[in-house]
Amino acid sequence: MTSAVKRGATSSTRDRDTQTAREETHLWTRSVHVHVTMKIYFCGSIRGGRDDVMLYRKIVEKLQSYGTVLTEHVSSTELSHRGVCDVTELMSCHWSGEDASAAGDRFIHDRDVNWLRQSDVVVAEVTQPSLGVGYELGRVVDMKKKTLCLFRPSSARVLSAMIRGADDGERFVVRDYGEDEVDEVLEEFFNALKRT
């Protein structure tokens, strides 16, 4: 066999091996299902009032079907309006670090802003007026995070123009709803996220 023919055969074998390796890699990457958990930041009133805590619980439970809720403690019935666990429940409370001291406030602020940065999406129940939730939403707008704000008109409250007026129908969405519509509203929002 001449050296030119040998080089051609070697080159052809190398090309075939390379093509086979590419095909195997392609099949492997198609067959591997990579599941990345969405990080969800839930906002709800703590020090502004805990009247809606049972509704927060329902919302957080539904959100957990879409990903990891970084702030599930907001829905804890053990957390009081002062941001601390009730004394009678302190022993069982997982969130006793939520103390209302200056050092505790700094810790909560820094931790929550860090969680906001990490989050993929933000869901806020905004019916109960809360300075903290308003602050978080202002930060979220600057971070350009996909956000859903839930408001219940049946509360007889009027939503702040700074929240309702920020609704752009795409990145920042305000949705009026009834308690029996939580699942439907969240499903609609997360399905829309999948399409974008």
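## Arginine 164 and aspartate 176

Arginine 164 is partly exposed in this predicted model. Its relative accessible area is 34%. Aspartate 176 is also partly exposed, at 35%.

The two side chains meet in a salt bridge, with N and O 3.0 Å apart.

## Aspartate 105 and arginine 47

A salt bridge also pairs aspartate 105 with arginine 47. The closest N and O atoms lie 2.8 Å apart. This pair links distant parts of the chain, 58 residues apart. Aspartate 105 sits in helix H3 (residues 102-118). Arginine 47 sits in the loop between strand S1 (38-43) and helix H2 (53-63).

Both partners are partly exposed: aspartate 105 has a relative accessible area of 32%, and arginine 47 has 42%.

## A pair within helix H2

Glutamate 61 and arginine 57 both lie in helix H2. They are four residues apart, about one turn of the helix. Their side chains form a salt bridge, the closest N and O atoms being 3.3 Å apart.

Glutamate 61 is partly exposed, at 47% relative accessibility. Arginine 57 is partly exposed too, with a relative accessible area of 23%. Its value is not under 20%, so arginine 57 does not count as buried.

## The whole structure

The search of the whole structure finds nine salt bridges. Among them is the pairing of arginine 164 with aspartate 176.

Notes
Residues are numbered from 1 along each chain as its sequence is written. This is a predicted model: local features need pLDDT of at least 70, side-chain atom pairs count only at pLDDT 80 or more; totals for chains, interfaces and linings use all residues. Side-chain values use heavy atoms; hydrogens and water are left out. A salt bridge is a side-chain nitrogen of Lys or Arg within 4 Å of a carboxyl oxygen of Asp or Glu. Helices (H or I, at least four residues) and strands (E, at least two) are DSSP runs, numbered from the N terminus. Buried means under 20% relative accessible area, exposed over 50%, partly exposed in between (1.4 Å probe, protein chains only).
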